[in-house]
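Colleague: I would like to learn how to read pockets in a model. Can you take me through them?

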Amino acid sequence: MEIIIGKNAGFCYGVKNAVVNTEEQLKENKNIYCLGELVHNRQVVEKLENSGLKIVDKLADSKNKIIIRAHGTEKKTYEDAKKMNIEILDYTCPNVLKIHNIAKEFASKGYYIFLIGEKKHPETIGNISFCGENSFLIENENEIKEAINNFENSKLNKLLIITQTTFSLEKFNLYVDIIKNNLNENVELVVKNTICNATKIRQEETEQISKKVDFMIIVGGKNSSNTKKLFQIAKTNCKNSIIIETKEELNLEDIKNYKTIGIMAGASTPDYIIEDIYNTISNYIN
Ligand code: SF4
């Protein structure tokens, strides 16, 4: 049996930066708070909680210092923290900060903004808060018509399209094409593909590997948006695809029947979980 592990499987630099900085903080202070789970991976969060990290849902539940995770947060969080005298340790990924800055810049220049992303995703909730009132969040293709109607009713003539960093590239391109085909000719349109490179690379590699293996394992948090996207891509190319968080979910009896196995992991999956899975399969078949 051959096992192929994606070269880009696991932590992206944004997640790594947030985890390493949090670990450093915890060495000096056991009472650090984080607004929401630091990363979308239960095992990583549990490890940090065991070292003292406290996850809270509201600023009011923290004391003095609070960590902003790689996904970023809403504009109001920064404003409220200032009023409440809470120091922010901002570990927002530079790719997400870039979206906030683009949104602020174009909103101030009089652009209407379409943000393409998942409505309930924390990053999107943060992103949209920087877009101002002349904005519309598009999650599905069937919301595009309403978005265009709202844009036309705003009487603005300039439109910016941006997207959540972990959105599917394929869907982003599709939505942009639909929007372009339905816009008035005189609209000044700016499209910025803000899908992060780490996401793009993982999606492309998942596609390549899943096309050549008999069985594909996607490793990552079940609540991780980028991991779920990898699973959708894998499933399209390899019908024997599974998504798991840890080696305990493997059905080794089933796996031993396959000749080639691919392993890919989301951006918030630590290396030791990927290695655990690889070693568990290797030890079983040898
Ligand atoms: S997936 Fe991309 S945007 Fe998100 S934390 Fe990683 S590098 Fe940053």
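Predicted model: local features only at pLDDT ≥ 70, side-chain atom pairs only at ≥ 80, totals over all residues.

Modeller: Of its 14 lining residues, Leu35, Asp57, Thr73, Glu74 and Thr77 are the closest to the centre.

Colleague: How is such empty space found?

Modeller: Rolling a probe the size of a water molecule over the atoms shows where empty space is left.

Colleague: Which helix gives the largest share of the lining of the second largest pocket?

Modeller: Helix H3 does, with 3 residues. H3 (75-84) and helix H5 (122-129) each supply at least two. By class, this lining has 5 nonpolar, 4 polar and 5 charged residues.

Colleague: What is the volume of the largest pocket?

Modeller: About 330 Å³. Its lining counts 13 residues, and nearest the centre are Ser168, Glu170, Gln203, Glu207 and Ile233. The classes here are 2 nonpolar, 5 polar and 6 charged.

Colleague: Which helix gives the most to the lining of the largest pocket?

Modeller: H9, with 5 residues. Helix H7 (169-182) and helix H8 (197-212) each supply at least two.

Colleague: Is Asn240 buried or partly exposed?

Modeller: Partly exposed, because its relative accessible area is 24% and buried means under 20%. A polar atom of the Asn240 side chain lies 3.1 Å from the backbone oxygen of Asp214.

Definitions and conventions: Residues numbered from 1 in each chain as written. Heavy atoms only, no water. Buried < 20%, exposed > 50% of the residue type's maximum accessible area, 1.4 Å probe, protein only. Polar contact = N/O pair within 3.5 Å; in protein donor to acceptor, adjacent residues only side chain to side chain. 1 Å grid on protein atoms, 1.4 Å probe; cavity = no way out; pocket = protein on both sides within 12 Å on 5 of 7 lines; lining within 4 Å. Points joined across faces, edges and corners; volume = space filled by probe spheres on them. Helix = DSSP H or I, 4+ residues; strand = E, 2+ residues; numbered from the N terminus. Nonpolar A, V, L, I, M, F, W, Y, C, P; charged D, E, K, R; others polar.
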